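This report describes selected side-chain interactions in one protein model. It is written for a reader who has not seen the structure before.

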Amino acid sequence: MKIQKVALVLIGMIFLAGAASAQQVKTDYDRGANFAQYKTYSWAQVKTKDQLDVDRIKSAVNAALAAKGWAQVDSGGDVSVVAMEITRNQQTLNTFYDGFGGGWGWRRFGGSGFGEATTTTDTYKVGTVVVDLFDAKTKQLIWRGSSSDTLSNNSDKNIKNLDKGLDKMFKHFPPDSSKK
């Protein structure tokens with residue numbers, strides 16, 4: 001029974017690790033914005049707890065926008081870019097049952113109950129990068145993208161996940177605002 005219990009706990013942990021690492025990317029935009037008029041952008045701000053991530057975020061967004069034909073200018077771009085990194089701890093509760101007890105019967109008629117249950121708590125970091133694009137003249141938000149992913153203590157893995165998330169975020173950018 002102990003081996004089965006350990007196996008169930010390990011299977012559950014592997015399942016949760018896979019489920020927790022699923023990256024979610026979302027985008028939205030102003031349907032009235034004419035994205036064909038925007039060709040340049042300037043950085044307004046990058047907010048993050050880890051200063052090393054400022055250059056990483058800027059580099060990934062710069063590469064994505066350059067691939068779409070947009071040019072970065074020091075100031076006075078058609079679009080102002082603001083990026084934020086938000087990190088929080090997430091917890092999950094996992095309950096594993098080792099069986100339904102031994103013997104046949106119900107209550108006082110020979111049964112021995114429903115077995116044992118073990119509940120564990122897993123805590124992991126969830127990081128979200130939000131990129132906002134504002135029309136520099138009107139100061140109106142014209143596009144927002146967000147990428148959520150589980151972080152690890154591995155910096156290389158976090159950089160890879162950031163790049164992957166931003167690639168997905170800008171995959172269909174700029175949106176075709178002529179489709180109503």
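## Terms and basis

A polar contact is a pair of N or O atoms within 3.5 Å; within protein, one must be able to donate a hydrogen and the other to accept it, and residues adjacent in sequence count only if both atoms are side-chain atoms. The model is predicted: local features need pLDDT of at least 70, side-chain atom pairs count only at pLDDT 80 or more, and totals for chains, interfaces and linings use all residues. Residues are numbered from 1 along each chain as its sequence is written, and side-chain values use heavy atoms, with hydrogens and water left out.

## Surroundings of Q23

Q23 is placed in the loop between helix 1 (2-20) and strand 1. Helices (H or I, at least four residues) and strands (E, at least two) are DSSP runs, numbered from the N terminus. The side chain of Q23 comes to 3.0 Å from the backbone oxygen of N161. Q23 also joins D149, side chain to side chain, in a polar contact of 3.1 Å.

With a relative accessible area of 15%, Q23 is buried. Buried means under 20% relative accessible area, exposed over 50%, and partly exposed in between (1.4 Å probe, protein chains only). Contact means heavy atoms within 4.5 Å. When neighbours within four places in sequence are left aside, Q23 is in contact with S147, S148, D149, N161, K164, G165 and K168.

## Salt bridges

A salt bridge is a side-chain nitrogen of Lys or Arg within 4 Å of a carboxyl oxygen of Asp or Glu. There are three salt bridges in the structure. One of them joins the side chains of D28 and R31 at 2.9 Å, N to O. D28 is partly exposed at 46% relative accessibility, and R31 is partly exposed at 42%. Another joins D53 and R56 at 3.1 Å, N to O. Both D53 and R56 belong to helix 2 (residues 52-67), where they are three residues apart, about one turn of the helix. D53 is buried at 12% relative accessibility, whereas R56 is partly exposed at 24%.

R144 and D132 also form a salt bridge, 2.6 Å from N to O. This pair links distant parts of the chain, with R144 in strand 6 (residues 141-150) and D132 in strand 5 (residues 117-135), 12 residues apart. R144 is partly exposed at 39% relative accessibility, but D132 is buried at 4%.

## Aromatic rings

Rings of Phe, Tyr and Trp (its six-membered ring) pair if their centres lie within 6.5 Å; planes under 30 degrees apart count as stacked, over 60 as edge-to-face and the rest as tilted. The count comes to eight aromatic pairs. One of these is the edge-to-face pair of F35 and Y38, at 5.9 Å centre to centre with 75 degrees between the planes. Both residues, F35 and Y38, are buried. F35 also forms an edge-to-face pair with F173, at 6.0 Å centre to centre and 80 degrees between the planes. F35 lies in the loop between strand 1 (24-29) and strand 2 (40-47), and F173 in the segment after helix 3 (155-169), so the pair ties together parts 138 residues apart in sequence. The relative accessible area is 4% for F35 and 3% for F173.

Y29, F35, Y38, W70, W143, F170 and F173 are linked into a cluster by ring pairs. A charge sits over a ring if NZ of Lys or CZ of Arg is within 6 Å of the ring centre and within 35 degrees of the ring normal. The charged end of R31 sits over the ring of Y29, 3.9 Å from its centre.
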